[in-house]
Amino acid sequence: MTTLKRNAIAATIAAVTAATLSFSPAVIAADTPMAKKAAAFPPLGPLPAAPIPADNPMTAEKIELGKMLFWDSRLGGDASSPCVVCHKPGKGWGDGGEISRGYPGTQHWRNAQTVLNAAFYNKLFWEGNVTSLEAQAPAAAGGNVAGNGDGSMMEMRLRFIPEYVERFKKVFGVEWPRIFLAWKAIAAFERTIVSDPKQVPFDRYMMGDKNALNDSQKHGMALFSGKAGCIQCHNGPLASDQRFYSLGVPENEVFMSEPLYQITHRWEHYQKGISEKGYRGADLDHGYYYVTKNPKDIGKFRTPSLRELKYTAPFMHNGIFYTLNEVVDFYDKGGGTTGPNKSPLIKPLGLTDQEKKDLVAFLESLSMDKPLSMASPKLPPYQPLKVAK
Amino acid sequence: MKPRNLKRIAFATSLGGLVTVSVAADLAPLPQPKFNTAMAEMGRFLFFDERLSGDAGLSCATCHNPQKGWSDGLPLSKGYPASEYFRNSPTLLNSGFKKRFMWDGRLDGADMGTLVRDMITEAHTMNMDGRLMQERLKQVPEYNAMWLKFRKDDINGMRVFNVVGEFVRSVNSKNAPIDRFLKGDQGALNGTQRAGYELFKGKAGCVACHNGPLGSDGNLHRTGVPENPAVTSEPLRHITMARYYATSGLPNYMMTHDDVGFQAISKNPKDKGKFATPSIRDLKYTAPYMHNGMLKTLDEVVDFYDKGGGSGAELKPLNLGDSEKRALVAFLESLSGDPVVVDKPKLPAYKVRAFGKN
């Protein structure tokens, strides 16, 4: 696993946020219980520079190579499912579906998460089962309902693309491309897919532009940290504490009615190594439980970031909500009733219609003014190997 | 997949080098095939079912097409989408009687299930995860019912391979003139064919390797078939070969540009270019020939052997006359039976199951 320079990052975050975070006295009085609650959590704030693992330093050539590989369908089983198919720039770097499309002949079983700001997570996937982008890429490209690529096959394909051979040599100093280096290059590219604070109204506000948020958004911000209690989990610059909670999100109906989804649902339980009883009775996505095998973790998922929500609907691990209004309503009612271990933090909020609108307005201010788009790179062709006769 | 019984195969091969062909080897009639009917019946459906491949794009029958002699009619087989294979797809006819499987002989003929597993799960053939295959099949009620005809549990991925294998065992030659002849019907072969048979056993020496019920000794030999240039001129085929070498543990695999055959399994340079003797039954339906499809007709094959094979062959020139060659080809054709055709069944569809009752 990569080693993050945690202290350096924390210091950066503290420097940025301490200087900028202050709630308008008109919105929260300093001595109210609301303010005390907010103060107990790492504050929201503009994102610092993305952490770079010491064993995968960024270079322009590596990022460029990673971008090509992100688009290259030869990293996958039948050349149909490159990273970009489920992480499209035009769909907020997700795929816009409730549940990701998955590999041909299959269905995935969870929502494709945005790549935007994935650089800031220390756990990836909805169940947090990998701890770096370098480990996420092969899990997706090789997952049987995702890319279904065989590592040795994908590696050999790269070796028959002379431009890649040259680029790997230049970037990594190797004679032949290695598949684990491809994942490093992709991870480096993904660390450039981050929100630009200058484009994010909330970030501009925190950096001193008091007109960057309107009154409704400012009120929503106060609710976020106060009455609505969102900040209990959605905190820090990423607006995620990267911990695991069960909210009782309803199961997506497709698992009851669509054979391909049922196949994947059973397969996931089979291959994740749970008991036969668990497999036979599986009627719920158990989330973090598959990692810990601790019954107390059934139904828990890692808190997602709230940045760029404007571009990343539908929401939740199974894409069950299409709008932020639905999401806010869900929390206002005190979450759902599906599955065990519901977090005690999820309680009815008693928000008024205006408060809900303000909260949604604030959430939208965490997205960039325009989506982060990107043109497809030109991909180099296969060539026969030079065979000495 | 790792080769099974590697030591045993290597040992048998080295022994093979010592055994002389003074033993009166001969062809033999095809024995009665043995298989479990209920398993073979389910296997017949699975054989044609594309849902046994990763992207549901191809079935066993794609490269082992009953209409094409249970092969694909191509010099080099296609393989999984976005890949191309580097060897010829062999016919499946009479596979139940083989001593070893695959052109490089890496699998034991007694283990049909492992052969099927390899084909279904290998990245360059069907690229299927066995557990996902299991869950796909469990989504088809008709398959659950077929399973219960021979087992009391529910569909298990590891056992599915044997079910397909049982169907393959049921696919055998029918009514070949040679079988009638060997059982005493002298009229089953005409005069030319009988003369060809004498050459086969005598001057041409074919019987040294092509003997027994399949016309194969099940051993590995070097005949010096020329490399198929498409393997290195077409990157997708070279990728498949180099990746196969890499996963087999062959040293220097990026610089190995020939098909080394059994060497990739034994790692012994002396085994370079050795391939398993194929059956000579049903050749009428299974052109082109050799491990890389380099010979298009039986005339070409006979000419090839007449010249003593290719570079490095364990063979000698035969000096056959034209009429002898014709007799030999006529005899080889008498080893083909009636076409064995199995039609693709109507495949049952996925159905919704009660969620949480698995």
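This is a predicted model: local features need pLDDT of at least 70, side-chain atom pairs count only at pLDDT 80 or more; totals for chains, interfaces and linings use all residues.

Q: Let's start with the packing. Which residues touch the most other members of the largest nonpolar core?

A: Ala182(A), Ala185(A), Ile186(A) and Val164(B) do, in a core of 144 residues.

Q: And which helix gives the most to this core?

A: Helix H8 of chain A, residues 179-190, which puts in nine residues.

Q: Take Ala185(A) then. What does Ala185(A) touch, leaving out residues up to four places away in sequence?

A: Lys62(A), Leu65(A), Gly66(A), Leu69(A) and Val171(A).

Q: What other core lies apart from the largest one?

A: There's one of 27 residues, and its members include Ala204(B), Leu295(B), Val301(B) and Ala327(B).

Q: OK, on to the interface. How many residues of chain B are in contact with chain A?

A: 35 from chain B, and they meet 36 residues of chain A.

Q: Which helices of chain B each supply at least two residues to that side?

A: H5 (130-138), H10 (230-233) and H11 (235-248) of chain B. H11(B) gives the most, with seven residues.

Q: What's the make-up of that side of chain B by class?

A: It has 14 nonpolar residues, twelve polar and nine charged.

Q: Switching to Gly151(A). Where is Gly151(A) placed?

A: In helix H6 of chain A, which covers residues 151-159.

Q: Why does Gly151(A) count as partly exposed?

A: Because Gly151(A) has 18 C-beta neighbours inside 10 Å, while a residue needs 20 or more to be buried and 12 or fewer to be exposed.

Q: What does Gly151(A) touch, not counting residues up to four places away in sequence?

A: Pro138(A), Gly142(A) and Ile179(A).

Q: Last topic: what does the domain assignment of chain B give?

A: Domain 1 is 7-30 + 175-224 + 273-338, and domain 2 is 33-169.

Q: How many Å separate the centres of domain 1 and domain 2 of chain B?

A: 28 Å, taken over C-alpha atoms.

Q: How many residues of each are in contact with the other?

A: In chain B, 20 residues of domain 1 contact 19 residues of domain 2. The domain 1 side divides into twelve nonpolar, six polar and two charged residues.

Methods: Residues are numbered from 1 along each chain as its sequence is written. Chains are lettered from A and ligands numbered from 1 in the order in which they are written. A nonpolar core is a set of buried Ala, Val, Leu, Ile, Met, Phe, Trp, Tyr and Cys residues joined through C-beta atoms within 7 Å. Helices (H or I, at least four residues) and strands (E, at least two) are DSSP runs, numbered from the N terminus. Two residues are in contact if their C-beta atoms, placed from the backbone, lie within 7 Å. Ala, Val, Leu, Ile, Met, Phe, Trp, Tyr, Cys and Pro count as nonpolar, Asp, Glu, Lys and Arg as charged, and the others, Gly among them, as polar. Domain bounds come from an automatic or database domain assignment.
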